Amino acid sequence: MDDRNLMQDILLLEKGVCDLYMHGAIESSTQNINQVFKNALNESLTMQDDIYKKMEAKGWYQTETAQQDKINTLKQKYSVQ
């Protein structure tokens, strides 16, 4: 397994962790438990962002910039009127 595949796996796992923490926060029964899940989610999101940035710097994770007209179309489509 090369470095790129390893980083892709780590990123996928971290995204899964974020999903679990988010659901934990949504389903938590007390404010204290909710706060613990929110803190863990924020830390995990930060890790996910760090992994993404490292992959992007190596050219392993590429995104394309959205065109402004497409953004505007989606804003209009989903705006509350």
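**Figure 1. Charged side chains and overall form of the predicted model.** The protein carries 9 positive and 12 negative side chains, and the centres of these two sets are 7 Å apart. Lys and Arg are counted as positive and Asp and Glu as negative, with His and the chain ends not counted; each charge is placed at NZ of Lys, CZ of Arg, CG of Asp or CD of Glu. The model is predicted, so local features need pLDDT of at least 70 and side-chain atom pairs count only at pLDDT 80 or more, whereas totals for chains, interfaces and linings use all residues. Residues are numbered from 1 along each chain as its sequence is written, and side-chain values use heavy atoms, with hydrogens and water left out.

**Figure 2. The helical elements and the extent of the chain.** The protein contains three helices and zero strands, in the order α-α-α from the N terminus. With a radius of gyration of 17 Å, well over the 12 Å that the globule rule gives for 81 residues, the protein is more spread out than a compact globule. Helices (H or I, at least four residues) and strands (E, at least two) are DSSP runs, numbered from the N terminus. The radius of gyration is taken over C-alpha atoms, and the globule rule is 2.2 Å times the number of residues to the power 0.38. Along the principal axes, the C-alpha atoms fill a box of roughly 50 × 40 × 15 Å.

Figure 3. Of the 81 residues, 19% count as buried. Buried means under 20% relative accessible area, exposed over 50%, and partly exposed in between (1.4 Å probe, protein chains only). Among contacts between residues at least 6 apart in sequence, 57% join residues at least 24 apart; a contact means heavy atoms within 4.5 Å.

**Figure 4. Aromatic pairs of the structure.** The structure holds two aromatic pairs. Tyr 21 and Phe 37 make a tilted pair, 6.4 Å centre to centre with 55 degrees between the planes. Since Tyr 21 lies in helix α1 and Phe 37 in helix α2 (residues 31-57), this pair ties together parts that are 16 residues apart in sequence. In the pair of Tyr 52 and Tyr 61, the ring centres are 4.8 Å apart and the planes stand at 90 degrees, so the pair is edge-to-face. Rings of Phe, Tyr and Trp (its six-membered ring) pair if their centres lie within 6.5 Å; planes under 30 degrees apart count as stacked, over 60 as edge-to-face and the rest as tilted. Tyr 21 is partly exposed at 28% relative accessibility, and Phe 37 is partly exposed at 27%. Tyr 52 is buried, with a relative accessible area of 18%, whereas Tyr 61 is partly exposed at 27%.

Figure 5. Ser 28 is located in the loop between α1 and α2, while Asn 34 belongs to helix α2. Asn 34 is buried, with a relative accessible area of 12%. The C-alpha atoms of Asn 34 and Tyr 21, 13 residues apart along the chain, are separated by 9.6 Å. For Ser 28 and Asp 50, 22 residues apart along the chain, the C-alpha separation is 27 Å.

Figure 6. Asp 19 is placed in helix α1 (residues 3-27) and counts as partly exposed at 38% relative accessibility. Its C-alpha atom is separated by 9.9 Å from that of Leu 45, 26 residues apart along the chain. Thr 73 lies in helix α3 (residues 68-78) and is partly exposed, with a relative accessible area of 49%. Between the C-alpha atoms of Thr 73 and Leu 13, 60 residues apart along the chain, the separation is 33 Å.
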